[in-house]
Amino acid sequence: MKRMLINATQAEELRVAVVDGQHLCDLDIDAPHRQRQKSNIYKGKITRIEPSLEAAFVDFGSQRHGFLPFKEVSPSYYLKKDGGPISKSPSIKDVLKEGQEVIVQIDKEERGNKGAALTTMISLAGRYLVLMPNNPRGGGISRRASQAERDQLRETLDQLEIPEKIGIIVRTAGTGKDVDDLKWDLEYLLQLWQAIEAAISEKPAPFLVYQESNIIIRALRDSMSRDIGEIFIDDAKVYAQAHDFVQMVMPQHLSKIKHYQDSTPLFTRFQIETQIETAYQREVTLPSGGALVIDHTEALLSIDINSAKATKGSDIEETALNTNLEAADEIARQLRIRDLGGLIVIDFIDMTPARNQREVENRIKAALKIDRARVQIGRISRFGLLEMSRQRLRPSLGESSQIVCPRCSGQGSIRNVRSLGLAVLRMVEEHAAKENTSRIIVKLPVDVATFLLNEKRGDIIAIEQQASIEVVVVPNPVLETPHYEIERVRQDGNSEKTSDVASFNLVDAPEATSPANWAKPTNFEEPAVKGIQPSAPAPTATVAPRPSSSSSVIKRFLGTVFGTPKPIAAASSATASTHSAPTIKETTVEKTATTGEPDASARRTSTAKKRTTRGRRGGQANRNPRPPQKTENNEGKETEVRTNSVKPNIEPVKEIKKAAAKPNDEKPANKEGSGEDKPQRRNTRGRRGGRRRRRDPASEEGSSTNGSSPVVAGSDAPSSGADQATADTAAPSAASSTPKPTPATEMNTSALKPAAAVKPVEPKPIAKVKAPEAKPVAPKTAAETKPPATEKSSSDG
């Protein structure tokens, strides 16, 4: 069972984790001092149009202007010039102008030197639906829904009243929901959009119109699913906020919200703190001893897989395969935890067999199926590289909680002392060769300055004598490699600092500066639209049954043949009526005994019975038959009872094999010339070629040896169409046996005891019909001798 853990004990960070047992599946960390911009809606103003980029730059209130591609501009913002119609492929300069106000939504947040990516295709996310007010062609259904669920959702959407020029996307949480749930969510989103439209005209651009919900609401709205059993929150204020939201939107999940009040920290209780720390590391260890090395570059994200201490395989191929399979699972998990996006290149350990490469590809595809982000995966190339791309749902863990290294500037490596000292010496020599240079002041780290003043003292003196200048080397403890400063003083005295200052006074004091990420903003811009609540609470959740294509076809077919089956009686009444036998039609028995052939109604019901026992794909009913049960008939001999499921909620049919073998002199009258076996072989074969267990003629005749069928539990329930067809089919076979009144066959079980003695149904005595002597029989036509499709005729003609 999965659990959602919300840790809000520290004001600086609010963490939401999804765990499966003690295994961390997903993680989201939000810093309250850092304002989230993704999915926010702004009213902005176009400041510049670039036809070469097919884009416009929009001022929406941030320090950097946003980037608006022309393909993300809704046609409703196109300007008509001279009252003429707009061409099918217009230019951005013809339909937009500088200073025009537009309503934009943040599609991608600012990253590094790049501004935010904007779009005018507004989308408002709800619990079950996503509303697209100005994009009527953008509707659809979640890609995670199956085809049967899509068909059901299309029927449900047809019952909704969707306004014109508005598109709707059904989320994964909306699958299986009824019309009332979707209608309630649609009304709330329309109410929210009306509030946004009203707020747009109140102020001029730029300003914040609507802000996306906080991390608590987002986590409960997006991550809440059927497989999450409990939600633990360790803060009373956050617990009250989550409780109110779930009570309003998802009342069926209200019992899952729990307030954690134990003294042990929440994340420590589930042992995930160590797993969270691995998300900040460059190297991740695998269970077998291998390792993942994750490196960020400007263009892509590279992941290297090393076998390291993995030596459990019998040979190098097995070791490489096992390590790559473990790495595939861990890579999918690390991508979710760190929320890494963009282009990703994975360097797997080289594998020679192609089947091993396909196995690794299938493993990483299966591990990425539970990811909410859109993922595109390629194939392993001949160089052992796999390329994939992943959608960025939010700023990655590194971007939101890490800063660029102030010493290496994010490069990851620095020059050593000797290399840096020689580079500084060459720079001094270059400045000394310039005209009007009187003095060169060099501020270096202590170790680099020590290297120049001792090992390279002679070179510095040679530069001073050759250029007739003064070189001052100042060791500065504040500086660290590879940082240094070189100042050139001209002869006219033009310099940033006077040349009369003593060298020991040139050492700079450390500046009390802190990264911008550490400074807590004093004020955030308040959105114009906030606090919009649904007008009515969510309806009681009723999950519609998931459609099954195979069962629906079978049910419709059986419904046309037998009608709608009535419900089976309760278990309490089933036990009391365990030994009641089904009723046999007396008229059918008499007619069969006199004529030797079943009537037309018996043939129809017999054929219908055979159709119901045929599965859709090769006989579903007989592929998994129940184990035979042994009973005793009226002659004291053991008989096998086989039960096959014919239809849900319909009692199984009991077929009893005849105990005594059939005499050799008794042969079917129509074995040759009647063509009886061929249609029976067609009926015992599945629709797609699946072979079925053929029926034994002895089993058909032996099923009517006794005067009644075996007793089954619940036989006092109203008889359905299948039970009546079974009784009609078993009746004609009774004519071939001696018409003796025999008691009902009882099942050999001690658990079921009869509540009262029930008299078995006895057929009326029928006069014996003397078998005619063996004489040459004239051949008959197929129409006269054709018996029912389910059993062979017992008449000698």
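Predicted model: local features only at pLDDT ≥ 70, side-chain atom pairs only at ≥ 80, totals over all residues.
**Notebook: charged pairs and cores**

I began with Lys-43, which forms a salt bridge with Glu-101, the closest N and O atoms being 3.2 Å apart.

Next I looked up how accessible each partner is. Lys-43 counts as buried, at 9% relative accessibility. Glu-101, with a relative accessible area of 36%, is partly exposed.

I then asked for the total, and found that the structure holds 26 salt bridges. One of them brings together the side chains of Glu-230 and Arg-3, at 2.8 Å from N to O. Glu-230 is in strand β14 (residues 228-233) and Arg-3 in strand β1 (residues 2-7), so this pair ties together parts that are 227 residues apart in sequence. Glu-230 is buried, with 15% relative accessibility.

Another pair I checked was Arg-379 and Glu-361, whose side chains meet in a salt bridge of 3.6 Å, N to O. Here Arg-379 lies in the loop between β20 (375-377) and β21, while Glu-361 lies in helix α9 (residues 354-367), so the pair ties together parts 18 residues apart in sequence. Is Arg-379 buried or exposed? I found Arg-379 exposed at 53% relative accessibility, whereas Glu-361 is buried at 3%.

I also traced a network: salt bridges that share partners join Asp-26, Asp-28, Asp-339, Asp-371, Arg-390 and Arg-394. I followed Arg-390 from there. Arg-390 is in strand β21 (residues 385-390) and is buried, with a relative accessible area of 6%. Which residue does the side chain of Arg-390 meet in a polar contact of 2.9 Å? The partner is the side chain of Asp-371. A polar atom of the Arg-390 side chain also lies 3.0 Å from the backbone oxygen of Leu-340. Setting aside residues up to four places away in sequence, I listed the contacts of Arg-390, among them Leu-335, Arg-336, Gly-341, Ile-344 and Val-375.

The largest nonpolar core has 49 residues, and Ile-41, Leu-118, Leu-124, Leu-129, Leu-131 and Ile-196 touch the most other members. Helix α3 (residues 179-200) gives this core its largest share, 11 residues.

Definitions and conventions
Residues numbered from 1 in each chain as written. Heavy atoms only, no water. Helix = DSSP H or I, 4+ residues; strand = E, 2+ residues; numbered from the N terminus. Buried < 20%, exposed > 50% of the residue type's maximum accessible area, 1.4 Å probe, protein only. Polar contact = N/O pair within 3.5 Å; in protein donor to acceptor, adjacent residues only side chain to side chain. Contact = heavy atoms within 4.5 Å. Core = buried A, V, L, I, M, F, W, Y, C linked by side-chain atoms within 4.5 Å. Salt bridge = Lys/Arg side-chain N within 4 Å of Asp/Glu carboxyl O.
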